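Dear colleague,

Please find below the structure that I am handing over to you. My notes on its salt bridges follow.

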Amino acid sequence: MKVRIGSRGSKLALWQAEYVAEQLRQGGMDPEIVIIDTKGDKILDRSLSKIGSKGVFTEELEEQLRTGAIDIAQHSAKDLQSSLPDDLEILAFTPREAVNDVLVSFNTELSLESGEPFVVGTSSTRRVATLKRHYPHIKVVDMRGNLQTRLEKLKNGACDALLLAYAGVHRMGYEEYIAEHLPTDVFTPAVGQGSVAIECAVGLDATKKARIRELLNDPVTESCIRAERIFLATLQGGCSIPVYGLASHFNGRVSLTAGLISLDGTQELRRTEIADTAQANLMAQRLADQLVAQGGGDILREIRSGLAQ
């Protein structure tokens, strides 16, 4: 059974696509990778918040799903917008890599905890806001581009270190440059961080859809990330909003720690809730509603106003 996999063309995206292809191949399917450039890959001279958060890394792949040019699209789950159009769906989430952020530098003696000022490159408003809140001595510069491009900018002196997801650094074999593994109770990751999401058209052949899901989906990862995504969707967050969420699964229950930080880092709202797996999505929605009621709505309005300027 032929399966055409849509992917961005970066080395990390192609690593993920090859991983997906290998799982399908081992299950007796015949995968083909189709490379598609996205708006987020083409526009590198502006921050994500300035080019819009919805579909920055997914829109072009989704159009190919609709036309049938590809059967599935693979995305870093953290890049997938919180709400999908009615004609598209998430078919699977692959097993999750370690979820934490890392400080990457050619000087592996650097530490955020040292109190020494240095320059960190990141394109994530969540990471910028977290640095402003917990590490105000750190200077931040905007850093766009794929992992290799960012490392080249680091090498050329644009900054002293990068803030990145461990998963990508690990998959690309750059662990030797990790100066510090950052704790998730401070740098709580973006929703979906560490997993690959598989997206398809609702109308994809049911037999093909069922087989792909069987080969790629990890049920524990899925229960956690779906809860995280419900939280994000309820807040109407996106990759330009400093919102975070991390769920874990234990003994048939899901624990979700989630929150948001103001752009200047002065305000943070954060909660942890636990529910049975069957009630995890309702719990995630309730958690988001509670944060909004406790002042999160005002923070979100300030964030959107600040990003629009």
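Which side chain meets that of Arg-66 in a salt bridge? The partner is Asp-87, with an N to O distance of 2.7 Å. Please note that this is a predicted model. Arg-66 belongs to helix H4 (residues 59–67), while Asp-87 sits in the loop between E3 and E4. The two residues are 21 apart, and the pair thus links distant parts of the chain. Arg-66 has a relative accessible area of 36% and is partly exposed; Asp-87, at 34%, is likewise classed as partly exposed.

A search of the whole structure returned 21 salt bridges.

Arg-8 is paired with Asp-79, and their closest N and O atoms lie 3.5 Å apart. Arg-8 counts as buried because its relative accessible area, 17%, is under 20%. Asp-79 is also buried, at 17% relative accessibility.

A salt bridge also joins the side chains of Arg-271 and Glu-273, at 2.7 Å from N to O. In this pair Arg-271 is partly exposed, at 24% relative accessibility, whereas Glu-273 is buried, at 16%.

Yours sincerely

Conventions: Residues numbered from 1 in each chain as written. Predicted model: local features only at pLDDT ≥ 70, side-chain atom pairs only at ≥ 80, totals over all residues. Heavy atoms only, no water. Salt bridge = Lys/Arg side-chain N within 4 Å of Asp/Glu carboxyl O. Buried < 20%, exposed > 50% of the residue type's maximum accessible area, 1.4 Å probe, protein only. Helix = DSSP H or I, 4+ residues; strand = E, 2+ residues; numbered from the N terminus.
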